[in-house]
Amino acid sequence: MSALLEAEEAFGRALPVVAGALVVGGLAVAALPARVTARRELRRAWGTSLVMALLFFTALYPVDSPGPMLLPAVLGLVAVVEYARLMRLGRGERVVLGVAAVLLPPLADVAHVLPERLDFGLRFPVLVLIACVAAAVLSGDPARAGERAARTVFGVLWIPVALSGLMALDGTAIAVTVAVAFGDVAAWCGGALLSRLGGGLARPLSRLSPDRTWAGVLTGGMGVAVGLSAVGGFTVTLWAAVLCGCVVGGLLVSALTREAGVRGTGDWLPGFGGLLDRLGSLLLALPLAMLVTL
């Protein structure tokens with residue numbers, strides 16, 4: 001099956017699933033009684049999810065348009081801006097991250113479709129390392145040059161390389177994205193309910209985020225399974241990869257924001273905060289999915 005046909009079929013399966021989930025979620029949020037303190041925040045989060053879903057599917061269709069290539073670049077540019085601000089990186093590092101966000105997704109697509117035309121081997125990581133180190137060293141910051149170089153290398157791997165999976169995974173990328181969304185919602189809702197029962201399920205996963213419990217892992221795993229199954233992409237290995245990405249990705253964003261002393265990576269997405277707050281799970285789920293499927 002060609003990559004375009006696979007993406008078309010995945011799009012056709014995912015669209016009604018996501019639309020149905022948004023309708024059910026919207027009705028549930030609208031029915032919340034006034035005494036629920038989080039009702040306003042949940043309504044804002046649902047509205048943001050609706051807008052993001054519309055933008056996501058609009059960008060993906062038709063699958064042979066420039067939209068699927070522009071989507072990871074736009075997401076990457078916004079995400080690296082938030083990351084650079086969070087990590088207090090300089091202008092040079094921001095340029096390196098921005099260039100990587102724009103160039104890596106299309107390069108990944110070309111390398112995937114025509115591997116014999118684009119074989120970087122070890123040259124690619126070497127070029128990335130040189131660019132990141134040069135930006136930090138030329139900044140003239142002796143106190144943080146090494147730290148800034150390391151944070152820039154990590155930023156390139158975490159954001160642009162991860163988002164390249166939206167191109168390299170073809171139709172599987174849509175299944176992973178839907179599964180991550182289902183998993184995050186299930187982890188939040190189910191985790192909050194089951195944690196009230198106490199016991200081992202109420203224990204926090206890490207001191208990085210006391211709100212993330214083992215109950216959330218359990219219900220998040222169920223949500224990931226439902227999401228993958230609904231779009232016809234379920235396999236045990238892919239389910240494990242996406243679930244691991246959801247859990248570790250969320251903790252990673254919590255670690256970075258706590259280190260920076262802020263509550264979120266931004267405040268422009270109602271109900272979520274910043275784009276990195278929303279994409280944290282996907283940014284680890286995509287590379288893990290590439291690891292088990294490509």
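This is a predicted model: local features need pLDDT of at least 70, side-chain atom pairs count only at pLDDT 80 or more; totals for chains, interfaces and linings use all residues.
Student: Among contacts between residues at least 6 apart in sequence, what share joins residues at least 24 apart?
Tutor: A contact requires heavy atoms within 4.5 Å. Among such contacts between residues at least 6 apart in sequence, the share that joins residues at least 24 apart is 71%.

Student: Which residues have the most contacts inside the largest nonpolar core?
Tutor: In soluble globular proteins, nonpolar side chains tend to be buried together. Here the largest nonpolar core has 61 residues. One of its most contacted members, Val242, is in contact with Val176, Ala179, Val180, Val224 and Ala285, leaving aside neighbours within four places in sequence. The residues with the most contacts inside the core are Tyr83, Trp158, Ile159, Val176, Val242 and Leu283.

Student: Is Arg151 buried or exposed?
Tutor: Arg151 lies in helix H6, residues 145-163. Beyond four places in sequence, Arg151 touches Tyr83, Met87, Leu89 and Glu259. Its relative accessible area is 17%, and the limit for burial is under 20%, so Arg151 is buried.

Student: Where is Leu205, and is this residue buried or partly exposed?
Tutor: Leu205 is placed in the loop between helix H8 (171-195) and helix H9 (214-230). Not counting residues up to four places away in sequence, Leu205 touches Arg212, Thr213, Trp214, Val217 and Val247. With Val217, the separation is twelve residues in sequence and 8.8 Å in space, C-alpha to C-alpha. Because its relative accessible area is 23%, between the limits of 20% and 50%, Leu205 is partly exposed.

Student: What is the phi of Arg88, and is Arg88 buried or exposed?
Tutor: Most residues other than glycine have a negative phi. Arg88, in the loop between helix H3 (67-86) and helix H4 (91-113), has a positive phi near 55 degrees. Its relative accessible area is 55%, which is over 50%, so Arg88 is exposed.

Student: Where does Asp170 lie, and does Asp170 count as buried or exposed?
Tutor: Asp170 has a positive phi, near 55 degrees, in a residue other than glycine. Its place is in the loop between helix H7 (165-168) and H8. At 16% relative accessibility, Asp170 counts as buried.

Student: What is the relative accessible area of Thr257?
Tutor: Thr257 lies in helix H10, residues 236-260. Not counting residues up to four places away in sequence, Thr257 touches Leu86, Val262, Gly264, Thr265 and Asp277. Thr257 is buried, with a relative accessible area of 7%.

Methods: Residues are numbered from 1 along each chain as its sequence is written. Side-chain values use heavy atoms; hydrogens and water are left out. Helices (H or I, at least four residues) and strands (E, at least two) are DSSP runs, numbered from the N terminus. Buried means under 20% relative accessible area, exposed over 50%, partly exposed in between (1.4 Å probe, protein chains only). A nonpolar core is a set of buried Ala, Val, Leu, Ile, Met, Phe, Trp, Tyr and Cys residues joined through side-chain atoms within 4.5 Å.
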